[in-house]
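Subject: Structure handover

Hello,

Here is the structure I promised to pass on. My notes on it follow below.

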Amino acid sequence: MAPAPLLLAGGRGWQRLLGPQAELLVLGPRGSRRGLLGSQVAQKGLQVLGPQRGSVGSLAGPRRLQVLAPQRRIGGSLVAQKGPKVLLPQRGLLGSQVAQRELQTLGPQRGSLGPQRELPLQGLSRGFAKVARPRSSREVREAEDSAPVFQYVGERSKRKDRVFVWGFCNAGALGIPSFVKPDAGWKKRRRIQPTPYRLDTAEKISSAACGYGFTLISSKTTDITKVWGMGLNKDSQLGFQRSRKDQTKGYEYVLEPSPIPLPLDAPQETRILQVSCGRAHSLILTDKEGVFSMGNNSYGQCGRKVTEGEMYSESHLIHRLREFDGRVVQIVCGQDHSLFRTERGEVYSCGWGADGQTGLGHYNITSAPTKLGGDVAGVNIIQVATYGDSCLAVSDEGDLFGWGNSEYMQLASITETTQVNVPRHLPFEIGKVKDAACGGTGSAVVNEEGHVFVWGYGILGKGPNLMETATPEMIPPTLFGSTDFSPDTRVSRVRCGLGQFAALNGDNPRRSG
């Protein structure tokens, strides 16, 4: 029986019989077979899906040769015994490439000058890509360990209370010991964890705060243990963390969430409402026993008398603050100062005041919490914000007030000076303010419409053309997910670090009231 004829099919219905071949199907466009001087032979099932022009050598394969991309100016030969796949273009080949079984070429190969027979294509001349090889179990574990996890839930699913950590790892502030001291030979020490990583906790965490290299988390549980700390502890900002080897010594670095014992009068009745962290000091707010402070007190930021020559390393001292006229409902740590808001809407401060961040009308340190005056006197303040040396306060009527450092134009709308030592009203025309955040060089607020405004200096969120501004600039709502298809998406809260912002979407303020 005579062999089946070769069918060449191109565009516009062009067909031509070239001679007897077995099941060779060419699917390229019209004219894709011009100038063929060599031979193309296939015993069974050859498919060519892209054009081949100017071929001078031969392209032969006994079984299942698939060419998925164009091959141009081929001067040698490409021969495969079984199942090769060419996934990307190969241009200017002057030699030959031969593979016995399942050769995969994953990238372009240019300028090959000599024959390559039965080679894995590793360490070849310039232009040869490496052959894909199976990953080792170690590489697979490393990839799975560092990859983010994306999970999608249904409309009826309930929100789970989980803690995720990311960022700088070196001091142990993320609470994952293996990031600092790898627990397996194939793991490497991490300097940065760029994506959220789940932190397993025994209790439901209700408050968390990040300091300069350390972290506090707390739960509203009635158990004895209510607060945990991890990370840098050279100033006992995580309390005294007793060494397992020497009970008289304390750890300067804590690599996993470790309990912080508080001197509570009724530990099984008192709950922790909030924690806050500064550069080297911490504040803890309870529902029935007031505020506790620990860590560095060089400037009175812990709300107690400054003791000259005091050693803060391995300190057992946790101080209880009592100097308030009313119950404290919010605590905020600045770099080396502290702010307290009471249920009456009054603001107290203590600590370092060289930039006016205490807001007490002077630039000295203050070791006892003292009530602020200025433009916030008699005003019901519902939120205070600070992290560096600048401060903001929001009133129940949506007005905004500021004081402290203004070197980066944080308060340039009201003064040309770089320090403001008393709260001043900021006359921004941005609607009623609902939430505020104050970082190292920039500030942000959310108004009642859920729109975010930023000002100050640095990466403010509006691209490289806006590096500094004295007046608030609105970030496009579309960047936070508001579109024609989801018009009710609104930002409800904003937060700042020293050089970064974060925004949290919530219910539509107009619908939730």
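**What was found**

Tyr-457 lies in strand S37 (residues 452-457). Helices (H or I, at least four residues) and strands (E, at least two) are DSSP runs, numbered from the N terminus. Tyr-457 is partly exposed, at 38% relative accessibility. Here buried means under 20% relative accessible area, exposed means over 50%, and partly exposed is in between (1.4 Å probe, protein chains only). Together with Tyr-408 and Met-467, Tyr-457 makes a nonpolar surface patch of about 270 Å². Patches take residues with over 30% relative accessible area and no salt bridge; like charges are joined within 9 Å, and nonpolar side chains (Val, Leu, Ile, Met, Phe, Trp, Tyr) within 5 Å. A salt bridge is a side-chain nitrogen of Lys or Arg within 4 Å of a carboxyl oxygen of Asp or Glu. Accessible areas come from the Shrake-Rupley method with a 1.4 Å probe, and for residues only the protein chains shown count as cover.

Two points on how to read this. The model is predicted: local features need pLDDT of at least 70, side-chain atom pairs count only at pLDDT 80 or more, and totals for chains, interfaces and linings use all residues. Residues are numbered from 1 along each chain as its sequence is written, and side-chain values use heavy atoms, with hydrogens and water left out.

**The chain as a whole**

The secondary structure comes to 3 helices and 40 strands. Of the 513 residues in the chain, 43% are buried. The accessible surface is about 27100 Å², and 50% of that belongs to carbon and sulfur atoms. Contact means heavy atoms within 4.5 Å. Among contacts between residues at least 6 apart in sequence, 40% join residues at least 24 apart.

**Aromatic pairs**

Rings of Phe, Tyr and Trp (its six-membered ring) pair if their centres lie within 6.5 Å; planes under 30 degrees apart count as stacked, over 60 as edge-to-face, and the rest as tilted. The count is 7 aromatic pairs. One of them is Phe-179 with Tyr-197, edge-to-face, at 4.9 Å centre to centre and 70° between the planes. This pair links distant parts of the chain: Phe-179 is in helix H2 (residues 177-180), Tyr-197 is in strand S18 (residues 192-199), and they are 18 residues apart. Phe-179 is buried, with a relative accessible area of 1%. Tyr-197 is partly exposed, at 21%.

Tyr-299 and Trp-352 also pair. Their ring centres are 4.6 Å apart and their planes stand at 65°, so this pair is edge-to-face. Tyr-299 sits in the loop between strand S25 (291-295) and strand S26 (319-321), and Trp-352 in the loop between strand S29 (347-351) and strand S30 (366-371), so the pair ties together parts 53 residues apart in sequence.

Phe-324, Phe-340 and Tyr-348 form it.

**Cysteines**

How many disulfides are there? The count is 0. A disulfide would be a pair of cysteine sulfur atoms within 2.5 Å. For Cys-210, the closest cysteine sulfur is in Cys-277, 7.1 Å away and too far for a bond. Cys-210 is exposed, at 51% relative accessibility. For Cys-302, the closest cysteine sulfur is in Cys-350, at 7.9 Å, again too far for a bond. Cys-302 is buried, at 1%.

**Positive phi**

Most residues other than glycine have a negative phi. Glu-314 has a positive value, near 55°. Glu-314 is in the loop between S25 and S26 and is partly exposed, at 31% relative accessibility. Met-409 also has a positive phi, near 70°. Met-409 lies in the loop between strand S33 (400-405) and strand S34 (419-425). Its relative accessible area is 23%, partly exposed.

**Around Asp-265**

Asp-265 lies in the loop between strand S22 (253-259) and strand S23 (272-277). Asp-265 is exposed, at 61% relative accessibility. Leaving aside neighbours within four places in sequence, Asp-265 is in contact with Glu-289 and Arg-320. Asp-265 and Glu-289 are 24 residues apart in sequence and 7.7 Å apart in space, C-alpha to C-alpha.

Best wishes
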